[in-house]
Amino acid sequence: MRLRVAAGGPAALKVLAAAGAAAAPVRLVWAGPLERPLAPLSTPWVPALELDSGTVLFSPNAICQFFFLARGEEPTDLTNQWLEWEATELQPAASAALYTQLVHGKKGLEAVEALGKLLAHIEQNLSRRGTAYLAGDTKSVADVVVWGTLFPVLQDETSLPSELQVLRTWFQSMTLSEACRKAADSILTPKALLEFKSYLQKQPPPCLAMERATSNEPEEEEGSEPALTEEEITAAVDAWGRGAAALPKPWQPQKPVLPVEGMRNILITSALPYVNNVPHLGNIIGCVLSADTFARYCRLRNWNTLYVCGTDEYGTATETKAVEEGLTPQEICNKYNAIHADIYRWFNISFDFFGRTTTPYQTMIAQDIFQRLLARGFLLQDTMEQLRCEDCQRFLADRFVEGTCPFCSYKEARGDQCDKCGKLINAVELKNPQCKLCRGVPVVKPTQHLFLDLPKLQEQLEPWLEQSWATGDWTANARYITRSWIRDGLKPRCITRDLKWGTPVPLDGFRDKVFYVWFDAPIGYLSITANYTDQWERWWKNPQQVKLYNFMAKDNVPFHSVIFPCSLLGADDNYTLVNHLIATEYLNYEDGKFSKSRGVGVFGDMAKDTGIPADIWRFYLLYLRPEGQDSAFSWSDLMLKNNSELLNNLGNFINRAGMFVCKFFGGTVPNMVLTLDDKRLLARVTLELRQYHQLLEKVRIRDALRCILNISRHGNQYIQVNEPWKRIKGDEKDRQRAGTVTGVAVNIASMLAVMLQPYMPAVSLAIQRQLCIPPDCFVLSHDFTCTLPPGHCVGTVSPLFQKLENDQVEALRKRFGGGQPEDLAVEPQAKDTPPASETLVAPGDPQLIQELTEEVAKQGNHVRQLKANKAEKAQVDTEVAKLLELKKQLALAEGKSPEVPVPKGKRKK
């Protein structure tokens with residue numbers, strides 16, 4: 001089928017984005033602005049889809065729907081409602097806004113004025129449903145269509161009102177997706193936009209028919225929130241009046257933490273990090289930080305909670321690292337286990353126990369599970385073809401082999417899994433394999449191994465999965481990945497390897513082998529708990545009393561949802577199986593990936609050297625946690641979120657509330673006489689608090705953070721409207737009003753300190769100390785109560801956050817943007833050090849040349865987009881400098897001499 005589009009037209013944007021998102025097999029035909037349109041009475045800017053049958057679709061929304069239908073995605077009622085709303089309400093207003101931008105030259109908020117209520121409508125729907133996308137937790141045709149209509153108007157995100165945070169997050173997520181980004185780069189070129197502007201100038205201004213006709217119905221204020229009921233207001237006032245006495249007493253579990261009869265017993269694990277490397281920010285948010293946030297929340301709810309983790313120390317990865325560093329595997333484990341522990345300590349990760357897998361308990365438990373599987377007939381013996389390096393005189397374990405992925409052709413796939421497409425592979429399937437130890441070409445030879453009989457276990461696995469999905473909270477990607485494994489049919493999975501470093505196989509004929517790390521590693525959760533308490537079985541063989549949460553990135557899902565459960569089901573020993581599998585997507589770095597070797601990105605051991613406190617890192621990583629799709633760390637966005645959300649919103653409110661108590665009332669909380677407005681605020685804050693609970697109970701960690709920021713925004717607005725600094729100077733009535741506003745505000749700050757604790761524990765503690773919040777109040781309930789009553793004395797109040805300056809952030813961006821060797825990542829380069837690009841780039845590396853070529857193209861597109869959007873000169877210059885540095889590195893990689901570009905400009909006459 002052929003898709004005919006004209007660059008510059010907004011309708012073409014959504015159609016091309018939908019084609020990309022649905023992977024539609026279309027042939028693009030680019031139409032010029034002067035060509036005769038296919039549709040009668042149409043314009044050249046309207047796209048058309050010519051089907052193979054000869055049918056032609058002219059409606060942009062119909063074309064978008066067709067692409068998604070062809071992929072097997074049936075529209076839901078909610079999807080259809082959004083499409084109808086976009087066509088009848090959003091599209092006319094967006095056309096008017098685009099006209100004012102291009103023809104009248106209006107910019108920013110003035111240009112999008114006509115969209116105000118419509119943007120608020122999207123914000124409210126996303127907030128109320130608590131979903132990442134308009135029609136659910138996955139992207140649908142509705143998201144692409146609405147985004148495609150908004151993007152031409154809102155390319156400059158500063159046009160979005162600052163209070164629409166949920167909408168902004170959704171919009172950024174869509175804009176960063178590959179399909180939308182490519183469509184924008186193709187359609188909204190400078191030349192095409194000029195042609196479209198020329199076309200618009202010849203047209204009459206669009207009539208905004210959506211403006212309300214006169215009616216007797218009351219109009220809601222722009223951006224207004226859902227109306228409160230009398231019952232909600234009365235309930236909020238009652239809860240407030242009950243005070244701190246109504247709060248449950250904080251639960252203090254015994255040590256070691258063990259399940260308690262009649263309590264909610266929560267067992268939390270985060271995927272065991274490989275011991276052989278230093279975790280980067282993406283590793284930290286994907287596993288330990290997400291799990292820590294949830295564990296802290298559980299403890300604040302008085303749920304009996306155990307959070308365990310540790311380093312995964314056996315396997316090829318450790319042997320490989322030991323060879324690289326000239327150490328023994330045990331020395332590598334000792335070195336990097338300490339590095340991991342230090343990093344997580346700095347990030348304030350609240351493990352109950354952080355252990356490791358190289359322990360006697362690991363051997364005992366793994367061998368016991370193996371023996372039980374063997375006795376029950378769930379293990380097979382078979383000969384498998386394996387790569388052997390004759391130069392090294394050894395069979396090569398998966399991670400000692402690299403080659404081209406047989407599925408996606410990625411050239412650096414490992415022998416067990418491709419990091420690009422995520423598919424599990426056998427090393428012999430690799431194209432062009434190489435031995436990582438000597439770079440020789442291995443040969444295929446037969447060797448005996450043991451296999452877990454997954455097809456035989458599937459009849460136990462599937463009903464268990466259905467039950468776990470029905471009763472637990474599995475993220476959408478975890479369900480999808482698991483279903484795809486089941487759908488494709490399970491195959492026997494090899495569980496042994498020809499290695500020395502691992503748990504020995506206790507079976508004659510195989511005693512020279514060890515367990516494959518992905519059979520062995522998840523058992524580490526059990527053995528680490530056993531090293532914490534000899535009563536470990538009360539957690540791990542107690543599914544009746546214990547609820548298990550596994551946190552991980554999406555690449556670990558099959559091992560936790562299929563292979564490990566099959567091992568435990570087959571062992572038939574009443575093991576606790578996962579109830580809630582929480583998997584994130586990937587966090588990228590700026591426009592690319594983290595790379596320790598190339599000095600790109602912030603790694604855990606570097607974060608503390610930036611001068612930015614751990615809680616700021618925690619906040620930002622949790623703010624952009626990749627819950628629905630991949631997200632990207634950005635230095636400029638970190639600065640924006642710190643300065644706007646933390647400094648100007650949250651920190652400003654809490655500091656003002658405390659300072660008013662100190663300055664106007666001698667450090668003592670004043671009497672409060674609630675008005676109807678105050679009561680409404682209590683109800684509004686209570687609704688946000690309950691939304692926070694609903695989201696965190698579903699482990700929607702990122703979205704729950706928005707509730708905290710929403711409450712502080714309510715608080716700031718409350719203070720601003722009531723102006724206690726002015727009323728304190730007035731008559732008795734005004735002074736009383738100032739006291740009420742100050743008292744209510746400082747109590748909101750007290751509640752925020754508790755809500756914030758899972759996210760920013762150090763800041764939470766600082767607020768607790770400044771406001772002298774009683775320890776018994778540090779517990780979460782579903783009601784907003786008055787915890788700092790009249791007469792309560794606060795302490796010394798001081799600012800919680802510091803502004804991040806542009807120069808500081810630009811220096812950090814440069815420092816972590818590549819271009820300096822790994823061992824110089826912290827210290828500045830000495831003057832006699834060669835230029836970074838010359839130090840790093842080795843000529844003739846084809847993989848590096850390919851990577852740099854792709855990055856030059858991507859950065860070039862980025863620069864062109866900035867220029868097309870008429871970005872600030874300083875920003876353009878910074879990105880151009882990045883492009884020139886990438887070109888220089890590419891030239892060096894190709895063995896060429898990098899040319900110094902001559903600056904362009906007008907010649908003087």
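The expected span of a helix is 1.5 Å times one less than its number of residues. Helix H3 covers residues 77–102, which makes 26 residues. From its first C-alpha to its last, H3 reaches 35 Å, close to the 38 Å expected. Along the way H3 has a kink of about 45 degrees, centred on Glu 86.

Next, a look at some strands. Strand S10 (residues 401–404) pairs with two partners, listed here.

| S10 and S11 (residues 413–414) | antiparallel | two | Arg 414 |

Now turn to helix H23, residues 614–623. Here 10 of the 10 residues are buried, so H23 is largely enclosed by the rest of the structure. Among the buried residues are Trp 617, Phe 619 and Tyr 620, as well as Asp 615 and Arg 618.

How confident is the prediction, and what is its mean pLDDT? The mean pLDDT of the protein is 85, and 86% of its residues reach 70 or more. Over residues 208–223, though, the pLDDT is below 50, and this stretch has 15 contacts in the model beyond near neighbours in sequence. Residues 820–844 also have pLDDT below 50, with 46 such contacts. Where pLDDT is low, the predicted coordinates should not be read in detail.

Note on methods
Residues are numbered from 1 along each chain as its sequence is written. This is a predicted model: local features need pLDDT of at least 70, side-chain atom pairs count only at pLDDT 80 or more; totals for chains, interfaces and linings use all residues. Side-chain values use heavy atoms; hydrogens and water are left out. pLDDT is the predictor's confidence in each residue, from 0 to 100. Contact means heavy atoms within 4.5 Å. Helices (H or I, at least four residues) and strands (E, at least two) are DSSP runs, numbered from the N terminus. The bend at a residue is the angle between axes fitted to the seven residues ending there and the seven starting there. Two strands pair if DSSP finds at least two bridges between them. Buried means under 20% relative accessible area, exposed over 50%, partly exposed in between (1.4 Å probe, protein chains only).
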